[in-house]
Amino acid sequence: MEAAGVLGAGAALLLGVYTLIYYKLGVATWCRNMVSLQGKTVLITGGNAGIGKATAVDLARRGARVILACRDKEKGESAVYDIRRESGNSEVILMILDLASLNSVRAFAQTFLALEPRLDILINNAGVLKPGQTADGFDQAFQVNHLAHFLLTHLLLDRLKRCAPSRIVILASSAHTSAKFDLATLNKPSKWMMKGAESYCNSKLANILHARELAKQLEGTNVTCYAVHPGVVNTEITRSHPWWTLWLVWIMKLFIRNCEAGAQTSIYCATEEGIERLSGRYFVDCRPKVPSPQACDDQLAKKLWELSERLLGLSS
């Protein structure tokens with residue numbers, strides 16, 4: 001009886017711990033507004049899978065014309081088919097974009113501006129978590145998660161201003177709190193998985209700082225921007241992890257959100273009326289939250305902006 005009691009208490013304790021972690025990580029605040037996007041055009045990077053795809057389904061249901069900017073043509077076409085079927089909206093379009101190539105970003109922007117007269121909502125959603133160097137010589141996570149999105153936003157900004165009021169949503173992460181930010185080495189490629197994880201954290205801090213400085217640059221334009229943390233979400237971002245980490249990923253899946261739940265804060269910041277005064281802020285679970293002290297550093301945000309411009313050849 002004593003052994004059974006100990007086992008029962010242990011099971012109850014494990015259940016309690018699981019419930020606590022699940023409700024801390026797995027339960028999302030839902031975006032409840034019914035705002036229509038009829039006549040609006042939305043561009044989502046990485047919209048073929050995960051959080052991006054779930055976001056695209058919701059915004060397509062609201063009547064938006066949704067452009068999926070994806071690297072893989074086959075996966076993109078499959079996503080377009082799924083999103084059209086789930087949303088009942090045929091205005092879902094694929095355009096090819098590889099954020100690991102700055103030439104691809106420039107070519108994409110040129111094609112988009114030639115074909116699409118409107119851009120009302122830009123969602124910089126795509127991201128990677130892996131070490132390596134891009135063809136442009138930058139760290140993989142820094143370029144894909146921050147630098148290429150910085151360039152894309154810059155190239156499309158006039159169209160967003162012309163269609164104002166318009167919005168920019170940047171996918172960040174609570175991982176920014178673990179960033180070890182050194183502007184002198186930020187763009188240097190990482191070779192190992194642990195350095196890749198560090199680069200990912202740095203890129204997510206860069207996302208928040210980008211939104212912060214961008215909001216200042218956009219004052220008076222009626223274009224607003226928001227950085228969002230989607231929660232800990234079961235996405236394909238871990239697909240490039242080495243095999244020996246897969247057990248940890250499997251355990252985490254017991255606690256984390258699905259992609260639909262993870263998309264809610266992106267949807268909220270793309271659609272919620274009355275949040276314009278919160279431009280540049282960081283959002284978690286559909287509400288503003290104060291990020292880490294580094295993420296609130298206006299001087300650091302300005303320095304990152306200037307570095308990004310130099311690396312991209314945008315500064316005069």
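1. Cys 286 is buried, at a relative accessible area of 9%; buried here is under 20% relative accessible area, exposed is over 50%, and partly exposed is in between, with a 1.4 Å probe and protein chains only. Keep in mind that this is a predicted model, where local features need pLDDT of at least 70, side-chain atom pairs count only at pLDDT 80 or more, and totals for chains, interfaces and linings use all residues. Residues are numbered from 1 along each chain as its sequence is written, and side-chain values use heavy atoms, with hydrogens and water left out.

2. On to the cysteine pairing. How many disulfides does the rule give? The count is 0, taking a disulfide as a pair of cysteine sulfur atoms within 2.5 Å. Cys 269 is in no disulfide, and its nearest cysteine sulfur, that of Cys 286, sits 7.3 Å away. Cys 286 is in no disulfide either; for that residue the nearest cysteine sulfur belongs to Cys 31, at 5.5 Å. Cys 269 counts as buried because its relative accessibility is 0%.

3. Cys 269 is also one of the buried residues of helix 9, along with Gln 264, Thr 265, Ser 266, Ile 267, Tyr 268, Ala 270 and Thr 271. Helices (H or I, at least four residues) and strands (E, at least two) are DSSP runs, numbered from the N terminus.

4. Axes are lines fitted to C-alpha atoms, for helices over the stretch in contact, and angles run from 0 to 180 degrees between N-to-C directions. Thr 55, Asp 58 and Leu 59 of helix 2 make the contact with Ser 266, Ile 267 and Thr 271 of helix 9, contact being heavy atoms within 4.5 Å. The residues of this contact split into 2 nonpolar, 3 polar and 1 charged. For those classes, Ala, Val, Leu, Ile, Met, Phe, Trp, Tyr, Cys and Pro are nonpolar, Asp, Glu, Lys and Arg are charged, and the others, Gly among them, are polar.

5. Helix 5 has two packing partners worth a look. With helix 4 (residues 102-115), helix 5 (residues 140-162) has its axis within 10 Å, crossing at roughly 25°. Helix 4 and helix 5 are therefore roughly parallel. On the helix 4 side, the residues are Leu 102, Val 105, Arg 106, Phe 108, Ala 109, Phe 112 and Leu 113; they meet Gln 143, Ala 148, Leu 151, Leu 152, Leu 155, Leu 156 and Arg 159 in helix 5. By class that contact has 11 nonpolar, 1 polar and 2 charged residues.

6. What about helix 10 (residues 298-312)? Its axis and that of helix 5 come within 10 Å and cross at roughly 85°, and the two helices are therefore roughly perpendicular. Helix 5 brings Phe 142, His 146, Leu 147, Phe 150 and Leu 151, while helix 10 brings Leu 304, Trp 305, Ser 308, Glu 309, Leu 311 and Leu 312. This contact divides into 8 nonpolar, 2 polar and 1 charged.

7. Some backbone spots to check. Most residues other than glycine have a negative phi, and most peptide bonds are trans. Ala 164 and Pro 165 are joined by a cis peptide bond, with omega about 5°; Pro 165 is in the loop between helix 5 and strand 5 (166-171). Asn 222, not a glycine, has a positive phi of about 70°. Asn 222 sits between helix 6 (193-217) and strand 6 (223-229), in the loop, and is partly exposed at 45% relative accessible area. Asp 285 has a positive phi near 50°, lies in the loop between strand 7 (282-284) and strand 8 (287-288), and counts as buried at 17% relative accessibility.

8. For the chain as a whole, the secondary structure comes to 10 helices and 8 strands. Of its 316 residues, 52% count as buried.

Key: Parallel < 35°, antiparallel > 145°, perpendicular 65-115°, else oblique.
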